[in-house]
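The sequence and structure come first, and the description follows.

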Amino acid sequence: MGLRSAWLVVVFLFLGVTVAKNVSGLNVWPMPKWVSRGHRRVYMSQDFQLVTDGSKYSDGSEILKDGFTRMLDVVKVAHVVDGDLSSVDKSLIIKGIHVLIFSPDDQLQYGVAESYKLLVPSPEMPDYVHLEAQTVYGALHGLQTFSQLCHFNFTSRLIEVHMVPWTIIDQPRFSYRGLLIDTSRHYQPVPMIKKVIDSMAYAKLNVLHWHIVDTQSFPLEIPSYPHLWDGAYSVSERYTFSDAAEIVSYAQRRGINVLAELDVPGHALSWGHGYPSLWPSKDCQQPLDVSNEFTFKVIDGILSDFSKIFKFKFVHLGGDEVDPSCWTTTPHITKWLKEHRMNGSQAYQYFVLRAQKIALSHGFEIVNWEETFNDFGNKLSRKTVVHNWLGGGVAEQVVASGLRCIVSNQDKWYLDHLDIPWEEFYKNEPLTNITNPEQQSLVLGGEVCMWGETVDGSNIEQTIWPRAAAAAERLWTPYDKLAKDPEKVAGRLAHFSCLLNQRGVAAAPLAGPGRGAPIEPGSCNAQ
């Protein structure tokens, strides 16, 4: 906490304002870093305005303006706000929000500053809310927090903010807070992907890991190799190159990076529908043919196309669950292996490392699933981020080796495991057994994974939420403010889940397994 923040604490204590580690009655998710509140109530003007005087950010791209408009929409939660303010003391009416952004740059990248400070109302302009941030993306988080402080009063028909004055000083604990979606096992329509992105922003998640293709289907247009999407389920279950660019832009305007995954050499059977020579043989169709130079030309072409639209510094190259038996039983590959003095395991290493070099040549840093580290970690590029999924204990080995890590252990953070309750998502700690500060800094963060075998557009939202929100707080909130007993935050998480429902997100009830249904009549908050 800086000197200004410490000074604020002293002033608030003097004025009798509540400063608490976990403010009673604060239904904000995820919990901010530092909060104080008062005991009064103010009302939002019906022409609530955005003011940016003094900000260094010009908002030429209108990221802030659009974020402000979205904030107003979710605050109203589709109600008609037509109450009469004429009888309300004018000193209790908030006319707008003054947003001060210190950086003129709106380039979104890993590690961008996401901190903000929110004052409701502003001490200098008591008829305005004050929001300041280093970047527009921190300001977007501040708008999300402010939206959760606002309440529609069904009697007065006005939007109210209770327990003012609020001071919230906030920043994320981890810079990588991800959600994986899988559009190979089941196609997800573009509007549904956008809905998922919107809901991620509500929970301050900031990376959409797009597992685009896999064994089952190849739905994305690749201009360099236009027959790859012959591997789509159908002609209507596809994404054009422009669709992908639109998804990236839509996410970026909400402060969310898109991590594209091209899983190689396994999980790639669908590639061969358009280019059969990528298969080891007609009867043995994956992993991709390691002996064929065309295989690597295709990977190069895909990553070249990716670099034109996926602007995140990382690309995910998969590398998991590779069974080399097709290589060791197919005559022309067996001959190649013998000529290159390789066995199946060595060919797997060769393939992964060559794919890494191609990605590096296109300016990407690399994410690989943990099998690559487990099998030949000392050979991986030092620009590799190892993605843990098989279980605990791997992250500490990765960072001890000097590589970076993302945590997604399947026993805690796989959303398709419907038997994992939200409490386990909340308790899963990415830094378990990692005590060295330098090694802790190598854990970029974590990611919850929504694998698509049993998920399509009809049930993806209720499978993601509210369990993903439990992980979102683990990744955002300072460690010492996280509840040691998840039940202590159950009421606040239930409130957030109901808030998602009110905003049009089909979050499931908190009680019961993932993707559960209400078991009896009752309030959303009690389920």
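I358 is a residue of helix α9. In this predicted model, I358 counts as buried because its relative accessibility is 11%, below the 20% limit for that class. Beyond its neighbours within four places in sequence, I358 is in contact with F296, I299, D300 and L303.

**Packing of α6 and α9**

Those contacts belong to a helix pair. Helix α6 (residues 293-309) and helix α9 (residues 344-361) have axes that come within 9 Å and cross at roughly 35°. The crossing of α6 past α9 is right-handed. On the α6 side, the contact is made by E293, T295, F296, I299, D300 and L303. On the α9 side, Y350, F351, R354, A355, I358, A359 and S361 take part. Sorted by class, this contact of α6 with α9 has eight nonpolar, two polar and three charged residues.

Two of the charged residues at this contact, R354 and E293, also meet through their side chains in a salt bridge, with an N to O distance of 2.6 Å. R354 lies in α9 and E293 in α6, so the pair ties together parts that are 61 residues apart in sequence. R354 counts as partly exposed because its relative accessibility is 24%. E293, at 43% relative accessibility, also counts as partly exposed.

**Other salt bridges**

The whole structure has 22 salt bridges.

| Pair | N to O distance |
|---|---|
| R354 and E293 | 2.6 Å |
| E132 and K117 | 3.7 Å |
| R238 and D230 | 3.9 Å |

The salt bridge between E132 and K117 links distant parts of the chain, with E132 in strand β6 (residues 128-133) and K117 in strand β5 (residues 116-120), 15 residues apart. Is K117 buried or exposed? K117 counts as buried, since its relative accessibility is 8%. In the pair of R238 and D230, D230 counts as partly exposed at 36% relative accessibility.

**Nonpolar cores**

In soluble globular proteins, nonpolar side chains tend to be buried together. The largest nonpolar core in this model has 113 residues. Which residues have the most contacts inside this core? They are L228, W271, F306, F310 and W465. Leaving out residues up to four places away in sequence, L228 touches F218, I222, S270, W271, Y275, L278, V298 and I302.

Another core lies apart from the largest one and has 41 residues, including M31, I94, V129 and I159.

**Helix α16**

How many of the 10 residues of helix α16 (residues 467-476) are buried? The count is 10 of the 10, so α16 is largely enclosed by the rest of the structure. The buried residues of α16 include the alanines A468, A469, A470, A471 and A472. R467, E473 and R474 are also among the buried residues of α16, as are L475 and W476.

Methods:
Residues numbered from 1 in each chain as written. Predicted model: local features only at pLDDT ≥ 70, side-chain atom pairs only at ≥ 80, totals over all residues. Heavy atoms only, no water. Axes fitted to C-alpha atoms, helices over the stretch in contact; angles between N-to-C directions. Helix = DSSP H or I, 4+ residues; strand = E, 2+ residues; numbered from the N terminus. Left-handed = near helix turned anticlockwise from the far one by under 90°. Contact = heavy atoms within 4.5 Å. Nonpolar A, V, L, I, M, F, W, Y, C, P; charged D, E, K, R; others polar. Buried < 20%, exposed > 50% of the residue type's maximum accessible area, 1.4 Å probe, protein only. Core = buried A, V, L, I, M, F, W, Y, C linked by side-chain atoms within 4.5 Å. Salt bridge = Lys/Arg side-chain N within 4 Å of Asp/Glu carboxyl O.
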